[in-house]
Amino acid sequence: MKILFAASEAAPFFKSGGLGDVLEALPAELAKNKEDEITVILPLYKKIKGNTALALSFVTSFSMPSPLSEDYVGVFRLKWGKVNYLFIDNEYYFCRDGAPYGHGDDGARFVFFSHAILECLQHIGYYPDIIHLNDWQTAAVPVLLKAFYGALPAYERIRIVFTIHNIEYQGYMPYDFAANVMGLPCEYHDVMRYGDSVNLMKSAIMLADRVTTVSRTYAQELKYAYFSHGLDPIIKQNEYKLCGIVNGINTALYDPKRDKALPAPFSSTDMSGKAICKASLQEELGLPVRDDVPLIAMISRLVSHKGLELVECVLDDILSRDVQLVVLGTGDGKYEDMFRFAEYTHPDKMKAEIRFDSALASRIYAASDLFLMPSKSEPCGLSQLIAMRYGSIPIVRETGGLYDTVPALNTETLSGRGFTFQAFNAHHMLDAIDRAIAFFHDKKKCERHRRALVRYNSSWRASAEEYLTIYKSLLA
Ligand code: GLC
């Protein structure tokens with residue numbers, strides 16, 4: 001099979017969150033099958049174009065008509081491991097300073113990208129069997145395929161899979177966007193519209209051959225208004241083609257035995273390095289070096305849907321316990337300041353590292369005893385998987401992928417994986433934290449459970465097989 005992944009980001013080229021990790025690991029996992037040819041197509045952002053270490057080679061260029069003008073499209077190529085990468089070049093849209101997203105014309109930029117993906121296929125003579133789209137930035141592909149390429153035989157066979165990584169971002173555009181920016185004939189305007197706007201994600205859900213999301217529970221949750229950000233009627237209408245497939249992590253990359261960022265390696269058969277990691281991090285951050293105090297970590301975007309509201313309510317209570325709390329991440333100024341202030345008032349218990357630093361993240365995963373992730377909603381979540389791989393016991397709210405990957409731990413039998421709570425309620429979270437602290441002091445059991453977590457297989461293999469089954473069923 002020829003499978004083309006399209007997305008707005010993919011590590012190691014550019015990543016702003018979990019989407020970028022998935023677009024690195026899933027294609028690489030699928031490319032292990034000799035009979036499948038895997039390609040990933042991305043915008044050629046300034047950061048990628050300017051990276052001289054990448055040996056990008058120029059493939060072709062052409063101009064593409066748009067309702068506003070004619071646009072230049074350049075196509076570059078790179079082989080990375082077993083995966084082929086294509087990059088769409090247009091300096092006006094993608095070679096900008098600052099973050100690759102968050103520009104006023106993101107709608108037009110990603111519609112251009114989506115159109116260029118389809119247009120370039122005939123220029124390079126490559127026709128995939130499946131185009132696998134990800135999130136709103138590539139959600140214009142299905143409608144553009146139908147409207148502009150439907151009559152071409154080589155395009156007719158292409159099947160579309162659309163994956164929702166987070167339904168919060170849907171690509172809302174003004175009402176006239178379908179005509180004026182996308183240039184769609186009027187018979188396609190209805191499918192683009194939702195309420196008073198154009199909604200790109202809605203159109204992809206309607207038109208894709210299959211829709212997936214990144215955990216089983218999130219696929220169920222999306223049918224409810226609490227989670228759907230307005231799209232529950234569309235989800236319910238298309239439920240017959242929706243399924244949830246949980247994300248994995250790249251277990252070769254996230255491996256406490258091989259991670260170069262750690263002061264001491266460890267594995268499920270020899271956990272002694274973990275204590276060294278803990279002492280070394282306490283020293284690095286200026287916390288008292290103590291092995292008898294539970295070190296709780298949070299590595300997260302500091303925004304309310306990650307459960308920061310709950311932490312805000314009971315931060316003083318948490319810090320009244322004999323614990324150490326280390327927070328790494330950036331986000332809303334309000335939460336950044338809240339943690340900075342807590343560090344000021346509790347210098348021996350709290351460290352607020354308000355930045356993004358992936359080597360420090362590794363050291364924190366490895367050093368921590370407990371990992372707090374109380375999200376309001378969580379499509380899948382990767383941090384809890386990484387935490388477990390580094391022997392840190394998760395404390396999570398029972399939602400989305402957190403529910404699917406962290407079954408409640410039975411502290412008698414040691415079945416399950418972490419401490420969980422159901423309601424989005426600060427005192428329920430505090431109760432889970434207290435249960436986790438008590439478990440930490442049950443030394444023998446805690447140690448046994450940690451080893452089990454490090455051993456737990458969160459690799460991509462099983463989920464990659466599920467995607468293959470979907471692709472095959474679409475081509476049958
Ligand atoms: C989004 C979701 C996160 C998920 C990631 C990768 O960032 O918020 O839960 O793990 O996408 O699918």
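Nine strands form an open sheet of mixed pairing, in the order S3-S4-S5-S2-S1-S6-S7-S11-S12. Its edges are strand S3 (57-65) and strand S12 (242-244); each has a single partner strand, so one side of each is left without a neighbour in the sheet. From one strand to the next, the twist averages 25 degrees.

The model is a predicted one, in which local features need pLDDT of at least 70 and side-chain atom pairs count only at pLDDT 80 or more, while totals for chains, interfaces and linings use all residues. Residues are numbered from 1 along each chain as its sequence is written, and side-chain values use heavy atoms, with hydrogens and water left out. Helices (H or I, at least four residues) and strands (E, at least two) are DSSP runs numbered from the N terminus, and two strands pair if DSSP finds at least two bridges between them.

**Strand pairing**

Thr 60 has Val 75 in S4 as its bridge partner. Strand S4 (residues 70-80) goes on to pair with strand S5 (residues 83-89), where Trp 80 stands opposite Val 83 in S5.

The other sheet described here is also open and has 6 strands, with parallel pairing and the order S15-S14-S13-S16-S17-S18. Strand S15 (350-353) and strand S18 (419-421) are its edge strands, each pairing on one side only. Neighbouring strands are turned by 15 degrees against each other on average, direction ignored. In the pairing of strand S13 (residues 295-299) with S14, Met 298 stands opposite Val 327 in S14.

| Strand pair | Sense | Bridges |
|---|---|---|
| S3 and S4 | antiparallel | 8 bridges |
| S4 and S5 | antiparallel | 7 bridges |
| S13 and S14 | parallel | 5 bridges |

**Helices across the sheets**

Contact here means heavy atoms within 4.5 Å. Axes are lines fitted to C-alpha atoms, for helices over the stretch in contact, and angles run from 0 to 180 degrees between N-to-C directions. Helix H21 (residues 461-475) lies across S1, S6, S7, S11 and S12, at about 145 degrees to S7. H19 lies across S13, S16, S17 and S18, running at about 165 degrees to S18.

**Helix packing**

Helix H1 (residues 18-30) packs with H21 at an angle of about 70 degrees, their axes 10 Å apart. H1 and H21 are therefore roughly perpendicular to each other (65 to 115 degrees; under 35 is roughly parallel, over 145 roughly antiparallel and the rest oblique). Leu 26, Glu 29 and Leu 30 of H1 meet Arg 461, Ala 464, Tyr 467, Leu 468 and Tyr 471 of H21.

Helix H14 (residues 308-320) and helix H19 (residues 426-440) pack at about 45 degrees, with axes 9 Å apart, and are therefore oblique to each other. H14 contributes Leu 310, Val 311, Cys 313, Val 314, Asp 317 and Ile 318 to the contact, and H19 contributes Ala 426, His 427, Met 429, Leu 430 and Ile 433.

**A salt bridge**

The whole structure holds 31 salt bridges, each being a side-chain nitrogen of Lys or Arg within 4 Å of a carboxyl oxygen of Asp or Glu. One of them joins Arg 321 to Asp 434, with the closest N and O atoms 2.8 Å apart. Arg 321 lies in the loop between H14 and strand S14 (324-328) and Asp 434 in helix H19, so that the pair links distant parts of the chain, 113 residues apart.
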